[in-house]
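Please have the sequence and the model open as you read.

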Protein chains: 2
Amino acid sequence: MTDPNHPRYFSLVVREKLTNGVRLGITSISGLIAHGRGEAFDYLLGERTHPFAKSAVNAAAAFLLLSEKPVLSLNGNAAALSSAYFIKIAKILDCPLEVNLYHHSKKRVETIENFLGEKAGRHLLKSSKYEKMVIPGIASRRKITIREGIGKADCVLVPLEDGDRCRAMTAMGKTVIAIDLNPLSRTARSARVTIIDNIVRCMPQLALKIAEMKKFPRSRLEKISKNYDNRLVIKQALKAMCYHKNNE
Amino acid sequence: MTDPNHPRYFSLVVREKLTNGVRLGITSISGLIAHGRGEAFDYLLGERTHPFAKSAVNAAAAFLLLSEKPVLSLNGNAAALSSAYFIKIAKILDCPLEVNLYHHSKKRVETIENFLGEKAGRHLLKSSKYEKMVIPGIASRRKITIREGIGKADCVLVPLEDGDRCRAMTAMGKTVIAIDLNPLSRTARSARVTIIDNIVRCMPQLALKIAEMKKFPRSRLEKISKNYDNRLVIKQALKAMCYHKNNE
């Protein structure tokens with residue numbers, strides 16, 4: 001459908017995945033706008049994975065491997081774009097996947113759960129089968145979460161997050177790892193680790209890193225996690241966005 | 001529907017207008033992504049109209065008032081967000097409005113034309129009633145335009161444009177005035193005047209300016225248009241985006 005010679009070909013293919021997600025009932029209409037916002041930041045980054053994003057991926061892998069109970073949170077855009085890698089990481093870490101949506105509806109949760117399907121297997125905590133709990137301090141329906149999933153997690157990977165939830169989970173003592181292309185967002189600033197990169201580029205990297213670092217001794221992982229400075233990463237991302245622009 | 005206390009209230013209201021546009025068949029699904037991209041650039045601008053945008057609005061008003069045959073081009077997002085101001089400007093300039101879509105379908109063109117409705121009156125060139133022509137050098141269906149409209153125009157206001165069309169129209173000798181929040185886009189760089197501002201903020205300003213400057217002598221308008229430097233405006237926009245970020 002998309003012309004491979006179009007200067008924005010890669011970006012158009014990703015868009016098609018999302019508009020297809022809308023047709024399947026996975027992606028919300030507002031999710032498309034959120035994606036567009038991410039696209040702009042990615043554009044300013046030159047649509048490549050920068051060293052600061054690689055260091056965030058490293059730290060994310062370390063935190064996930066060190067945690068007692070990591071959980072991967074999925075929304076509609078993440079499912080449409082990167083579900084295979086979420087499942088892959090859940091398998092490597094032997095941890096649960098939970099669908100958690102800003103524009104929540106029971107139907108959409110189930111559609112996404114069915115989309116993840118058998119590939120996710122026992123890693124997927126199906127909403128209909130588990131007890132819920134409410135995370136305090138979140139205005140949206142995102143506050144409703146599975147007790148055995150995000151409820152009990154000590155480390156949560158939250159792609160394409162909203163600021164409220166990131167803060168609320170941090171306040172509960174959870175380690176939040178966010179994937180967010182906007183270095184100025186409330187999420188980016190309040191997460192312990194912010195991967196400022198396109199989800200379609202960083203998720204394969206994260207899966208690789210986790211598999212590789214699984215063999216690392218605990219002390220080495222601890223060193224990586226302790227030395228990681230998220231404020232510095234945000235600073236570097238802002239600089240990269242300006243650098244790119246000023247050199248055009 | 002949207003909570004007025006939400007930190008992103010204004011942005012959410014604009015989004016609702018667009019998602020409503022999707023329901024009405026005016027806005028395309030991809031238009032939502034494009035909007036999100038604009039949102040991010042607006043975010044970096046601090047969501048306000050900067051002096052460089054005001055000077056572009058001034059120049060745009062001068063070019064439109066000086067031209068023999070100005071035409072206002074409308075797409076789905078522009079119709080959903082700012083149709084009242086397009087109609088207002090068409091009346092002040094006594095010039096035509098033409099619907100021109102990237103994701104073209106006869107049905108969507110007609111839906112937008114009906115949405116503009118009687119308020120647009122004789123200013124709206126209805127697609128079904130006019131002879132078409134093709135603008136060379138455009139890959140998309142945007143190449144098909146009305147001969148009596150954009151075809152013969154010497155100055156075209158093109159909000160939320162795509163780069164191809166902007167260049168092709170410029171190559172035909174038309175003065176292109178673009179509204180584009182991305183200062184690095186091909187459109188922003190190839191237009192004679194680029195208003196780097198949110199369409200919902202700059203369209204009311206543009207209508208006001210045109211009404212005010214209509215009384216200006218031709219020599220004064222010529223001076224404004226001649227002195228306008230689009231490269232400088234783009235530079236200032238990039239600087240503003242970085243300034244905002246570095247001061248966060």
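1. Ground rules. This is a predicted model, in which local features need pLDDT of at least 70 and side-chain atom pairs count only at pLDDT 80 or more, while totals for chains, interfaces and linings use all residues. Residues are numbered from 1 along each chain as its sequence is written, chains are lettered from A and ligands numbered from 1 in the order in which they are written, and side-chain values use heavy atoms, with hydrogens and water left out.

2. Chain A overall. You will find 11 helices and 7 strands in chain A; helices are DSSP runs (H or I, at least four residues), as are strands (E, at least two), numbered from the N terminus. The radius of gyration of chain A is 17 Å, close to the 18 Å from the globule rule for 248 residues, so the chain is as compact as a globular protein of that length. That radius is taken over C-alpha atoms, and the rule is 2.2 Å times the number of residues to the power 0.38. The C-alpha trace spans about 55 × 45 × 35 Å along its principal axes.

3. Inside chain A. Of the 248 residues, 58% are buried (under 20% relative accessible area; exposed is over 50%, partly exposed in between, with a 1.4 Å probe and protein chains only). Among contacts (heavy atoms within 4.5 Å) between residues at least 6 apart in sequence, 66% join residues at least 24 apart.

4. A helix pair in chain A. Helices α1(A) (residues 9-24) and α4(A) (residues 76-93) pack at about 125°, their axes 9 Å apart. Axes are lines fitted to C-alpha atoms over the stretch in contact, with angles from 0 to 180 degrees between N-to-C directions. The angle makes α1(A) oblique to α4(A); oblique is what remains after roughly parallel (under 35 degrees), roughly antiparallel (over 145) and roughly perpendicular (65 to 115). A:Val14, A:Lys17 and A:Leu18 of α1(A) meet A:Asn77, A:Ala80 and A:Leu81 of α4(A).

5. A helix pair in chain B. Here α3(B) (residues 51-66) packs against α10(B) (residues 218-227) at about 130°, with axes 8 Å apart. That makes α3(B) oblique to α10(B). Residues making the contact include B:Phe63 of α3(B) and B:Leu221 of α10(B).

6. A glycine to look at. A:Gly25 lies in the loop between α1 and α2 (29-44) of chain A and is partly exposed, at 27% relative accessible area. Beyond its neighbours within four places in sequence, A:Gly25 contacts A:Arg108 and A:Thr111.
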